[in-house]
Amino acid sequence: FLVINEIMNRPETEGGGYVEIYNTSSSNTLELTGFYLDGNIKFTFPDGWMLGPASCAVVAEDSTVFQSLYGGIRALAGAGSGTLGESGIVRLRRPATGMELDDPILDAVNYGAPGWQSETDAGIPYQRIDPLGGSCQPANWCISKTASHSVSGHTILPLNTSWSYYN
């Protein structure tokens, strides 16, 4: 049910990078205690952290910078360690249970790899087009040079905005 939905890897302000996690379920609230991000940014969700249906949580590079840039428009889970950078990998994992030998990867994104759209302007995030589509498929991610909003995990672009898929 959980996916990495948005990655701000080139913020306009140092420390303004973030990763957005989205609960794709329309009816289940998920407890994220012990779930964590690893790769370029590292973060472990604290005890009791709940993510409602069709809701997002953000892990920021720096929570103070994030709040000053974006205010309360997104649920801030906390600040991770590390920086996202031009390219890299972010993995969402949960603790192993039962017979599992390793912590399962729930979602992983290798952003900025060959085949990904490149962007020269700072302040433009990668946004997942279809939350149920493949994470490693560059065609399932877009960048937008205009203001956009995420509603229930779907990126909404203003009218008269041009966009295209890249393979």
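I start with one side chain: that of R93 reaches the backbone oxygen of D103 at 2.7 Å. Another polar contact, of 3.3 Å, joins the side chains of R93 and D38. A polar contact is a pair of N or O atoms within 3.5 Å; within protein, one must be able to donate a hydrogen and the other to accept it, and residues adjacent in sequence count only if both atoms are side-chain atoms.

This is a predicted model, where local features need pLDDT of at least 70, side-chain atom pairs count only at pLDDT 80 or more, and totals for chains, interfaces and linings use all residues. Residues are numbered from 1 along each chain as its sequence is written, and side-chain values use heavy atoms, with hydrogens and water left out.

R93 lies in strand β9, residues 90-93; strands (E, at least two residues) and helices (H or I, at least four) are DSSP runs, numbered from the N terminus. Is R93 buried or exposed? R93 is buried, with a relative accessible area of 11%; buried means under 20%, exposed over 50%, partly exposed in between, with a 1.4 Å probe and protein chains only.

Now the sheet. The order β8-β7-β2-β1-β11-β12 makes an open sheet of 6 strands with mixed pairing; strands pair if DSSP finds at least two bridges between them. β8 (76-79) and β12 (141-143) are at the edges with a single partner strand each, so one side of each has no neighbour in the sheet.

Further in, β2 (residues 18-23) and β7 (residues 56-60) pair in the antiparallel sense over 5 bridges. There, V19 stands opposite V59 in β7.
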